[in-house]
Amino acid sequence: MISILCIDAEPLFLDAFTQRLEREPGFSIVSASTVAEALELINTQYFDVIISDYAMPDMDGITLLQEIRARGCQSIFIMVTAKRLAHIAIDALNTGADYYLQKGGAEAGPEITKLIEFIRKRVPERRAEQELTEWGRFYQSAIENHTDIICRIGPDGSFRFASESGLHFFRRPYEELLKTSFFSLLPDDERQVVLLRLQNLSAIKPDILMEHSIAGGDGKPVVLQWSYHGFFTGTGAVSEYQVSGRDTGGLVSIGSPKQPVAARTSAAPARASPAPAVAPAPQEGPADWGGLVETIQSLDNPVFAVDKKGVIIAWNKGLEELTGISASSMIGKGNYEYSVPFYGKPKLMLIDHIIRPSAGSGTGIKKAGDTYIGDVEHITIRGKPMLLWGKGSPVYDAKGSLIAAIEAITVGEPQKEMAGQEGYLGGISSITLKVSGEGLGGAIAGAIGSSTGGYGVYATTRRLFVIQNPDLNAESSKGVQFSSFMMDELFGTTVDTRQKSIHELEDQEIYSAEKADITKIELKKPVLLSGFLTISTKDRGSFRIYIDHKKAYTHIEQLMKSFLPEMLHIE
């Protein structure tokens, strides 16, 4: 059974919602109309899924989420709200939510169906993750309580891990031991023999049992029996050794005459590879990035991702269509191979400055929050001249360590401007851009912003346009799945920066101004409140567009500096 706790202060919605879920086979539903009641239930039983409304009277959904995460509750958390605001979804994600659902509207039925599908898919995954974590703790406990000296060392002998028994034997602080080479603790005459024996290991025969001396905590050599197990890369090179040492001085042989250890060692048959004494380190790949790779694959825009070593972990359908190169031929490649389809040779891209800040100077790269924005480049893809513009973002684990990076690719065709012809400069549309309108009445209305975004600012060599982008019309949306919505907000993949024709701008415009008629452009950065762009013209009219997101602001600032810098005033 999948246990679900539903929390909502509206009795009619709560009853209807729980009745809908109760019709699903395998679902066990418990409901609560207050946060206090919900917390009491959470204290006494575990729920696979917690579904909570954002606007609860005694505590909002974000605060509730923070509270249960602080208590160590790892239930799948789904935020439900009638408000479609980006900051609610972003705050929920940063606090540990898993899904976002908008209640009400004609599309509520299909959205609940999607939610049920998400629950049925995600709950078994979460249970498997929790089971793996418990097994990891079990293995860790087994190591720490084992009397053998258990170590992981690199090919050069550098310590990467040592058990409690190892720390006790070497009598060194853990940090100091990590700076030490295991092989340096062996006597010179024995070290060369050990290294020669290790060179004979392979992926087919990864184990060897030897008896040799090693310096203990007092610096004196101690003879121990050592078991070496080699881990190998796909090319056959050693990536790591697991080494286990034990004192065989008190060894008692039962059922056969006692032989010297050396004799037993030389006569010992080749053993099958033992199971590692620690939970195996996860191999980097799509399965290790949660829903990240799956979400990238679902995006229409060309997007790829690499791990912190620069190995490709995702190459979505948009990139396959753009470059003509399949994901199967790209996944797993490193050494800047992701740049070859764009430049014809391996070279640094925007994403390299995220995973390796020292990779180059990064000239022309701007940073807005966690988003890196590159300059427009002239490239050739499949023999066709194009303009390429990249945006990237780092991906961190729960400890705040960089584990991967994502880059979204935007391309356009270079336009050849004829003498005297109006040329395209650039622009951006976003769900975080909202309009107020012209004159005093529009300015007052703009103080609270419009109910929905999806507007855009564009410039040509002659005019400045404000348009309503039909592709970003929130009112016509069928609802926002949480993972896709958050990818869009955090990595900017639904911020439409595609090049538009003059005809498209004229067809979608809600305001335009001739460059020669503009007397002032005011630009204010969003901090606690919305920022704005105000356009004033010779006839003393004005038009204001509100900016709710720093990333959109960065785009607009760059655009205005190239369009009419002498009239630009930045607050």
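The following exercises, each with a worked solution, concern a predicted model of a protein.

Residues are numbered from 1 along each chain as its sequence is written, and side-chain values use heavy atoms, without hydrogens or water. Because the model is predicted, local features need pLDDT of at least 70 and side-chain atom pairs count only at pLDDT 80 or more, while totals for chains, interfaces and linings use all residues.

**Exercise 1. The whole protein**

State how many helices and strands the protein has, and what percentage of its residues count as buried.

Solution. Step one: helices (H or I, at least four residues) and strands (E, at least two) are DSSP runs, numbered from the N terminus. On this basis the protein has 17 helices and 26 strands. Step two: buried means under 20% relative accessible area, exposed over 50%, and partly exposed in between, with a 1.4 Å probe and protein chains only. Of the 571 residues, 46% count as buried.

**Exercise 2. A pair of helices**

Describe how helix α2 (residues 35–44) and helix α3 (residues 61–70) pack.

Solution. Step one: the two helices pack at an angle of about 20°, and their axes are 12 Å apart. Axes are lines fitted to C-alpha atoms, for helices over the stretch in contact, and angles run from 0 to 180 degrees between N-to-C directions. Step two: angles under 35 degrees count as roughly parallel, over 145 as roughly antiparallel, 65 to 115 as roughly perpendicular and the rest as oblique. Helices α2 and α3 are therefore roughly parallel to each other. Step three: V35, L39 and I42 in α2 meet L64, E67 and I68 in α3, where contact means heavy atoms within 4.5 Å.

**Exercise 3. Positive phi**

Locate Y336 and R382, and give the phi and accessibility of each.

Solution. Step one: most residues other than glycine have a negative phi. Step two: Y336 lies in the loop between α11 (317–323) and α12 (340–343). Its phi is near 65°, a positive value, and Y336 is partly exposed at 29% relative accessible area. Step three: R382 lies in the loop between β15 (377–381) and β16 (384–396). Its phi is near 55°, also positive, and at 58% relative accessibility R382 counts as exposed.
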